[in-house]
Amino acid sequence: MRKKLRIGGWFGDILRVSRKEFYLSFHDVGVIVFFVLLAFAYPVLYALIYNPEVANDVKVVVVDDDRSELSRAFTRSLDATSEAHVIGYAANMEEAREAVNEKECFGIVYFPEGFSANAERGQQGDVVLYADMSLLMRYKQLLTAMTDVQQAYCSRIMTAKLPAAAGGGGAIIESREVPIGNTGRGIASAVLPAVLILVLQQSLLLGIGMLRGGSRERRLKNGGIDPHDVGGAVGATILGKTVTYLIIYLLPSIYVLFIVPIMFSYPQNGNPIEILVFLLPFMLCASFMGQSLQVFVNERESTFLVLVFTSVIFIFLSGISWPRYAMGGLWHSIGNAIPSTWAANGYILMMTDGASFAQVKHHYFMLWGLAVAYFIIAYCVERFICRPRYRRMRYYDAKSPGSLLREEARRNGLG
Amino acid sequence: MLREYVKETVKRGLVSLVRRRIYFITMVVLPLLGAFFFLDLIKSGSVEQAPVGLVDLDNSTLSRNLSRHLAAMQQVSVQHQYASFDEARQAVQRGEILGFFFIPEDLSEKALSGNHPTLSYYINYAYYAPASMQYKGFKTITVLANGGIAANVMQFMGATGEQISATLQPIAVHTHPVANPWLNYSYYLNASFIPTFFALLIFLVTAFTIGIELKYGTCRQWVERAGGSMGLALTGKLVPQTCIFIVVGWTIQWMMYRLYGLPLNCANWIMPVTMVLYVLANQAFALTVMSLIPNFRYGTTVCSLMAVIAFSVCAFSLPRESEYAWVGGLSYVLPARYYFLISVDQALNGIDLHYSRWYYAALVAYTFLPWTLTWKLKKECLNPVYVP
């Protein structure tokens with residue numbers, strides 16, 4: 001039967017490797033967890049974590065040495081903003097500081113004596129905000145609340161005093177901020193698209209690592225021979241596996257890239273077909289990259305040790321939380337060599353900003369360039385490192401049967 | 001006899017560390033490289049000079065004046081002037097700029113006739129940190145534009161400079177960002193992400209060391225060589241790692257506080273001692289997981305998952321009180337959260353140790369937690385079943 005199916009030659013190898021890889025992937029719970037469960041569950045978990053989007057009602061305490069109508073009104077308005085919440089008055093700065101240290105609140109608003117007199121007399125009335133700086137977001141929210149209230153009171157006082165020609169009736173030139181792309185300004189809508197791309201790449205890397213770990217373990221037990229190894233040509237083996245991964249990832253990709261944004265109403269301005277075409281070289285890259293990195297994986301479980309930490313590094317290199325223009329040259333270039341960098345930024349431009357395929361062609365060509373580069377690396381790794389290793393394993397086992405497992409136990413300091 | 005057991009187990013722990021490269025890499029190279037990565041990536045501490053565009057349809061003295069101000073801004077860096085709104089919008093879609101400032105064609109005409117023209121700034125909120133930086137820059141320009149015109153009018157009416165600023169802004173807000181007046185981003189990110197990255201590696205290495213004994217079925221022998229005491233077997237395996245992790249942790253702290261100058265406003269001994277507790281707490285956490293789920297892959301999966309979501313749930317960006325209750329609750333399960341709170345109290349704010357007492361209590365509690373569960377691990381070790 002098998003003989004009949006053999007198409008022979010290089011293309012036949014691709015088919016046979018691919019079919020075997022399907023079998024291996026779906027007969028390994030660990031791999032299925034990575035390929036399917038991770039891709040399905042992780043985006044949801046992540047989206048839920050970031051769903052609240054902003055911090056509201058950041059607690060502050062007020063120290064009022066002015067005790068005037070204006071300072072009390074200012075405090076009430078501050079409490080009324082969505083960003084800040086006044087937990088009460090403190091008798092003095094000492095008491096207020098104690099409240100901050102005990103984490104009862106995260107800022108102190110201080111009205112010095114003479115605040116309202118100065119404001120109304122035509123000098124400047126100063127109000128001071130002391131902010132706890134453990135989290136940037138709390139500070140930002142407090143600052144926004146303070147500035148809004150300040151501006152409201154400024155224009156109220158100014159309206160009473162200024163002639164209309166000097167802008168007494170409000171600003172002379174109005175200004176407005178128009179958010180584009182992520183029009184809701186949500187932090188989840190900004191961060192999640194990059195995470196989605198990372199999930200696809202990292203789950204594939206982890207799955208490939210685990211498959212390779214399994215194969216090496218079979219070799220250890222079988223005298224350097226993997227009974228599931230088809231023994232195809234090097235290039236055909238790499239491509240055959242890649243074909244399998246692309247097919248397996250079709251459904252998870254559609255789910256991650258299009259369904260998750262619908263579930264959590266993230267911006268969806270891209271054309272799905274264009275996005276899938278754009279991400280084809282990305283998945284090729286991820287597959288070749290996984291097959292290059294697999295050389296570091298010795299058993300199924302060391303996949304975690306070798307690959308999990310890269311997620312954190314790759315997401316930073318993509319520039320989603322720390323922009324790429326603010327990175328040093330070294331990190332910028334390393335980022336250029338990681339497929340997720342181009343894929344995440346391209347996906348964001350298409351999905352969030354509604355870019356057309358032509359507008360992200362630079363990203364697209366970079367991904368193809370990386371695909372070629374990673375294929376060459378994967379080829380060299382398989383041809384010059386892995387295969388000679390297998391030959392050595394067979395040689396040692398032939399010389400002394402069982403020596404492979406003994407050596408493995410010795411290296412682990414076991415036994 | 002006891003001395004023999006101790007010798008045996010510690011030897012077993014050390015030998016595995018020396019013979020496999022993976023331990024040296026994950027315990028020494030990666031934590032230090034990771035710390036260097038974060039510190040060096042964010043060493044400038046701010047995302048100033050966001051690439052933006054400009055569309056000036058007015059082309060008047062007033063609008064050219066505004067563009068000159070914009071070009072001099074710290075927050076943004078004008079890359080290119082576009083002829084129309086569409087051109088600028090497309091440049092955003094190509095990712096060349098992250099936002100643009102739009103001056104309508106009737107700006108100066110309307111401004112001078114008192115008709116309130118509108119300046120618009122378009123900001124791509126797909127990139128969050130640069131977006132708030134642009135907002136700050138663009139907002140300042142519009143305030144300046146208004147102030148400039150109002151000041152001109154008032155000067156014309158004979159007001160002095162001081163009077164002008166008091167009248168334009170009768171109330172001024174002075175902000176004191178305590179302990180971080182420069183709003184340096186690196187102070188937050190590195191104080192939280194570097195220890196969490198370190199915790200990730202501690203989790204994985206600890207889980208791996210225990211799991212590999214289960215995998216090769218040598219765990220029975222491991223326990224027997226320790227005289228049947230699970231506690232002794234684990235101590236022998238893990239204490240050599242504890243020592244290495246502590247030294248690596250101190251090196252990381254030295255990099256953070258001395259090499260890259262992160263604020264250290266407490267007594268010098270406090271953070272190194274905290275690091276010792278932190279290393280122990282993380283090892284204990286992984287040990288607890290492996291005791292509860294004595295299976296190599298499942299245990300390691302749980303450890304990886306907890307370590308990776310620690311970056312998101314431990315409330316390093318969104319405050320805990322704004323998170324969903326279950327997310328906030330989850331953050332209290334992880335040692336990284338307590339280390340972060342301590343480093344805020346001590347290294348950043350330099351307040352009395354008294355205020356951090358509960359965080360220290362939590363870190364110490366982790367260290368005792370797994371010893372109540374090791375019986376479960378021992379049961380598995382004596383009858384190991386490897387599940388691939």
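So, the contact between the two chains: 112 residues come from chain A and 127 from chain B, where contact means heavy atoms within 4.5 Å. Keep in mind that this is a predicted model, where local features need pLDDT of at least 70 and side-chain atom pairs count only at pLDDT 80 or more, while totals for chains, interfaces and linings use all residues. Side-chain values use heavy atoms, with hydrogens and water left out, residues are numbered from 1 along each chain as its sequence is written, and chains are lettered from A and ligands numbered from 1 in the order in which they are written.

How much area is buried between chain A and chain B? About 10,700 Å², with carbon and sulfur atoms giving 65% of that; buried area here is the accessible area (1.4 Å probe) that two parts lose on being put together, summed over both. On the chain A side, I173(A), L305(A) and W322(A) supply 8% of what chain A buries against chain B, more than any other three residues.

Okay, charges. The rule finds four salt bridges across this interface, meaning a side-chain nitrogen of Lys or Arg within 4 Å of a carboxyl oxygen of Asp or Glu. One of them pairs K103(A) with D345(B), at 2.6 Å, N to O.

Last, the strands (DSSP runs of E, at least two residues, numbered from the N terminus). Strand β4 of chain A, residues 125-131, runs parallel to strand β5 of chain B, residues 171-177, and seven bridges join them; strands pair if DSSP finds at least two bridges between them. Within that pairing, Y130(A) has H176(B) as its bridge partner.

Notes: Helices (H or I, at least four residues) and strands (E, at least two) are DSSP runs, numbered from the N terminus.
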